[in-house]
Each structure stands twice: as structure tokens, then as C-alpha cells.
Amino acid sequence: MLPTRTPEKSYRSLDELQQRKEELAAQIRKDNDRFGTLWNSLFSAPKDASKGEMIANIVSKSVTAIDAFLLVRKLMKNYGFLFGRKRK
């Protein structure tokens with residue numbers, strides 16, 4: 001979520017400016033805590049999976065790797081001349 005931009009406010013004293021600075025610092029700390037928890041939840045350790053889930057995960061990653069290999073092979077065959085390979 002992008003921050004909303006408030007219209008510029010003119011400050012008449014240093015106290016008003018200091019108060020605004022403290023409000024912004026509190027808001028930044030709150031946002032920092034929220035982003036920290038979101039970041040940590042991204043990289044949390046996975047729960048212990050059963051053997052069936054582990055095998056399904058291995059098969060899924062293998063299929064993805066094979067698919068990527070076949071895609072690169074097809075692209076190199078058709079567009080290899082872009083990467084310095086000569087066309088047959």
C-alpha cells in the first residue's frame with residue numbers, strides 16, 4: 001500500500017515542527033514493525049512435512065526443472081543465432 005500524500009502544512013513554530021517530526025517517527029516505527037513481521041513470515045521455516053508431501057514436492061520441482069530445460073532447449077534451437085550460435 002502506497003502512502004497517501006497529505007497537503008503541505010505550514011508550521012508556525014518549532015514546537016509544531018517537533019510534534020510533526022515525532023508523529024512521523026512513530027508512524028515509521030509502526031510501519032517498520034509491520035514490514036518486519038511480513039518479511040519474517042515470508043522466510044519462516046516450513047512445517048514438518050509427511051513423506052507423501054515430501055515426495056510430491058520433489059516430483060513437482062523435478063517437473064518444473066525438466067520443463068525449464070525443454071523450454072531453454074527449444075528457444076536455443078529456434079533463436080540460437082541471437083546468442084552467437086550459427087543456424088543450421
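## Stop one: a serine and its backbone partner

Select serine 41 and look at where its side chain goes: it reaches the backbone oxygen of leucine 38, at 2.7 Å. Keep in mind as you look that this is a predicted model. Serine 41 belongs to helix α1, which covers residues 14-42. Is serine 41 buried, exposed or partly exposed? Its relative accessibility is 47%, so serine 41 counts as partly exposed.

## Zoom out: the whole chain

Now colour by secondary structure. Switch to a surface view next. Of the 88 residues in the protein chain, 1% count as buried. The chain exposes about 9300 Å², and 61% of that comes from carbon and sulfur atoms.

## Back to helix α1: arginine 20 and glutamate 23

Select arginine 20 and glutamate 23 together. Their side chains meet in a salt bridge, with 3.6 Å from N to O. In general, side chains of opposite charge can pair when their charged atoms come close. Both arginine 20 and glutamate 23 sit in helix α1, three residues apart, which is about one turn of the helix. Glutamate 23 has a relative accessible area of 42%, so it is partly exposed. Arginine 20 also counts as partly exposed, because its relative accessibility is 28%.

How many salt bridges does the structure hold? Two, and the next stop has another pair to click on.

## Further along: arginine 34 and its neighbours

Pick arginine 34 and aspartate 31. Here the side chains meet in a salt bridge at 3.9 Å, N to O. Arginine 34 and aspartate 31 are both in helix α1, again three residues apart, about one turn of the helix. With 44% relative accessibility, arginine 34 counts as partly exposed; aspartate 31, at 24%, counts as partly exposed too.

What lies over the face of phenylalanine 35? That's arginine 34, at 4.9 Å from the ring centre.

## Last stop: a nonpolar patch

Hop over to helix α2, residues 51-79, and select tyrosine 79, which lies in it. Its relative accessible area is 44%, so tyrosine 79 is partly exposed. Then extend the selection to Leu71, Leu75, Phe81, Leu82 and Phe83: together with Tyr79, they form a nonpolar patch on the surface. Show that patch as a surface, and you're looking at about 660 Å² of accessible area for the group together.

Notes. Residues are numbered from 1 along each chain as its sequence is written. This is a predicted model: local features need pLDDT of at least 70, side-chain atom pairs count only at pLDDT 80 or more; totals for chains, interfaces and linings use all residues. Side-chain values use heavy atoms; hydrogens and water are left out. Helices (H or I, at least four residues) and strands (E, at least two) are DSSP runs, numbered from the N terminus. Buried means under 20% relative accessible area, exposed over 50%, partly exposed in between (1.4 Å probe, protein chains only). A polar contact is a pair of N or O atoms within 3.5 Å; within protein, one must be able to donate a hydrogen and the other to accept it, and residues adjacent in sequence count only if both atoms are side-chain atoms. Accessible areas come from the Shrake-Rupley method with a 1.4 Å probe; for residues, only the protein chains shown count as cover. Patches are made of residues with over 30% relative accessible area and no salt bridge: like charges are joined within 9 Å, nonpolar side chains (Val, Leu, Ile, Met, Phe, Trp, Tyr) within 5 Å. A salt bridge is a side-chain nitrogen of Lys or Arg within 4 Å of a carboxyl oxygen of Asp or Glu. A charge sits over a ring if NZ of Lys or CZ of Arg is within 6 Å of the ring centre and within 35 degrees of the ring normal.
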